[in-house]
Amino acid sequence: MSYVSPPEFVGKMIDAGESKIHMSTRDTVIRAYMAGAILALAAAFAVSVTVETGAPLIGALLFPVGFCLLYLLGFDLLTGVFTLAPLAWLDKRPGVKLTGVLRNWGLVFLGNFAGALTVAVLMAVIVTFAFSVDPNAVGQKLGSIGESRTLGYAEHGAAGMLTLFVRGVLCNWMVSTGVVAAMMSKSVSGKVIGMWMPILVFFYMGFEHSVVNMFLFPSGLMLGGDFSIADYLVWNEIPTVLGNLVGGVVFVGLTLYATHARPKTPRDVREPPSELPTPVA
């Protein structure tokens, strides 16, 4: 599988973050748009499989196909740039400023949202025959997901908000691990296997992914979900984005950077003396 060692792939992470910050606005938005659209299609696929088989595990096993495709094609998710872009700033790469990191995050957010929203509209057309009939079983499931994962948290108040945030943290801990795993191998098969495992964990565990939710919740609003745009923003998208940011930066980017790009100087370990010193009379 041509394994790449941690110091090597952490260097690749920093290089990737630098290239994303210096990327043109046009390319950043196009790549983010396509990433949001492909991930949304994968989410629609996973929901369809779950509804038709009644087995959520099968949907979770198949969902990573979208994630693998979009990263092999060089497209960008917000969850990934949350982890990679700050590393170039921490490493003081030439021309990289905090404003550049924030610019990249903002453009990728907009691109991801536009791509996911496009697929949400197209899927709503499919499951309702262009809004001429009631949603089919998949459409009904999409509508119920948005309701349960907004009002369901709101019912618990602060405890629900904390739970939502933590699910966002755990999500990008896994998703960004998948991003990094793609750099651990030089072969396509190695990259796919590395990405597949953590993405399967996040999806099956029901963690909150900001870009997947950019598809699920607009879909739910169009398909009869009993919640509002404000519910979506306050009781899902905003806390999820913040949780994804913390999960990617703290638990993946900073930990790998600290121990592989900037490791502490090894301890000075000296050999013990072979003989005890002769005591002074």
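Residues are numbered from 1 along each chain as its sequence is written, and side-chain values use heavy atoms, with hydrogens and water left out. Because the model is predicted, local features need pLDDT of at least 70 and side-chain atom pairs count only at pLDDT 80 or more, while totals for chains, interfaces and linings use all residues.

Let me start with the overall picture. The protein has 12 helices and 0 strands, where helices (H or I, at least four residues) and strands (E, at least two) are DSSP runs numbered from the N terminus. The C-alpha atoms fill a box of roughly 100 × 45 × 35 Å, taken along the principal axes.

Now to one pair of helices. The axes of α5 (residues 78–90) and α9 (residues 157–181) come within 9 Å and cross at roughly 75 degrees; axes here are lines fitted to C-alpha atoms, for helices over the stretch in contact, and angles run from 0 to 180 degrees between N-to-C directions. That makes α5 roughly perpendicular to α9, a label used for angles of 65 to 115 degrees. The contact (heavy atoms within 4.5 Å) involves T79, G80, F82, T83 and L84 of α5, together with N172, V175, S176 and V179 of α9.

Next come the charged pairs. The whole structure holds 7 salt bridges, each a side-chain nitrogen of Lys or Arg within 4 Å of a carboxyl oxygen of Asp or Glu.

Finally, the surface. A nonpolar patch of about 940 Å² includes F45, I58, Y204 and M205; such patches join nonpolar side chains (Val, Leu, Ile, Met, Phe, Trp, Tyr) within 5 Å, from residues with over 30% relative accessible area and no salt bridge, and accessible areas come from the Shrake-Rupley method with a 1.4 Å probe. Helix α3 gives the most to the nonpolar patch, with 4 residues.

Note on methods
Parallel < 35°, antiparallel > 145°, perpendicular 65-115°, else oblique. Patch = residues over 30% accessible without salt bridge, like charges linked within 9 Å, V, L, I, M, F, W, Y side chains within 5 Å.
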